Amino acid sequence: EVVYVQGARTIDRIRRRAGDAAFFGALRKYLAARRHGFGSTAELLAALDAVDPTDLTVRLRERFPRIL
C-alpha cells in the first residue's frame with residue numbers, strides 16, 4: 001500500500017509543477033500513441049518528464065530505481 005501512495009504522490013507533484021493542461025495533454029498523447037499496444041512505466045515517466053519544468057531524471061531514479 002505504501003508503494004502506491006508514494007507513486008501517486010510523485011505523479012501528483014509532477015502534475016502540480018507542470019500544470020493540469022500540460023500534464024493531462026502528455027497523458028492523452030502517451031495513451032494515444034499506445035492505443036492498441038503496450039506501454040511501460042519508463043515510457044510514461046519520460047512523457048511526464050517532457051512537460052515538467054524541472055529535470056525529473058534524478059528525482060525519478062530515486063523513486064523508481066529499477067525502472068530508469
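Tutor: A crossing of two helices is called left-handed if the near helix is turned anticlockwise from the far one by less than a right angle, and right-handed if it is turned clockwise; helices here are DSSP runs (H or I, at least four residues), numbered from the N terminus. This is a predicted model, in which local features need pLDDT of at least 70 and side-chain atom pairs count only at pLDDT 80 or more, while totals for chains, interfaces and linings use all residues. Residues are numbered from 1 along each chain as its sequence is written, and side-chain values use heavy atoms, with hydrogens and water left out.

Student: Which hand does the crossing of helix 2 with helix 3 have, and at what angle do their axes cross?

Tutor: Axes are lines fitted to C-alpha atoms over the stretch in contact, and angles run from 0 to 180 degrees between N-to-C directions. Helix 2 (residues 20-33) passes helix 3 in a right-handed crossing, and the axis of helix 2 comes within 9 Å of that of helix 3 (residues 41-51), the two crossing at roughly 145°.

Student: Which residues make that contact?

Tutor: Contact means heavy atoms within 4.5 Å. Helix 2 contributes Ala22, Phe23, Ala26, Leu27 and Tyr30, and helix 3 contributes Glu43, Leu44, Ala47, Leu48 and Val51. These residues divide into nine nonpolar, no polar and one charged, where Ala, Val, Leu, Ile, Met, Phe, Trp, Tyr, Cys and Pro count as nonpolar, Asp, Glu, Lys and Arg as charged, and the others, Gly among them, as polar.

Student: Which residues of helix 2 are buried, and which exposed residues lie on the face turned away from them?

Tutor: Buried means under 20% relative accessible area, exposed over 50%, and partly exposed in between (1.4 Å probe, protein chains only). In helix 2, Phe23, Ala26 and Tyr30 are buried; seen down the helix 2 axis, they fall within an arc of 65° (that of the directions from the axis to the C-beta atoms), so they line one face of the helix. They pack against helix 1 (2-18) and helix 3, whereas the face turned away carries the exposed residues Ala21, Arg28, Lys29, Leu31 and Ala32.

Student: How is helix 1 to be read, and against which helices do its buried residues pack?

Tutor: Its buried residues are Gly7, Thr10, Ile14 and Ala18, and they line one face because they fall within an arc of 65°. They pack against helix 2, helix 3 and helix 4 (57-63), while Val2 and Arg16 are exposed on the face of helix 1 turned away from its buried side.

Student: Where does Arg13 belong?

Tutor: Arg13 is found in helix 1 and is partly exposed, with a relative accessible area of 33%. Its C-alpha is 9.6 Å from that of Asp52, although Arg13 and Asp52 are 39 residues apart in sequence.
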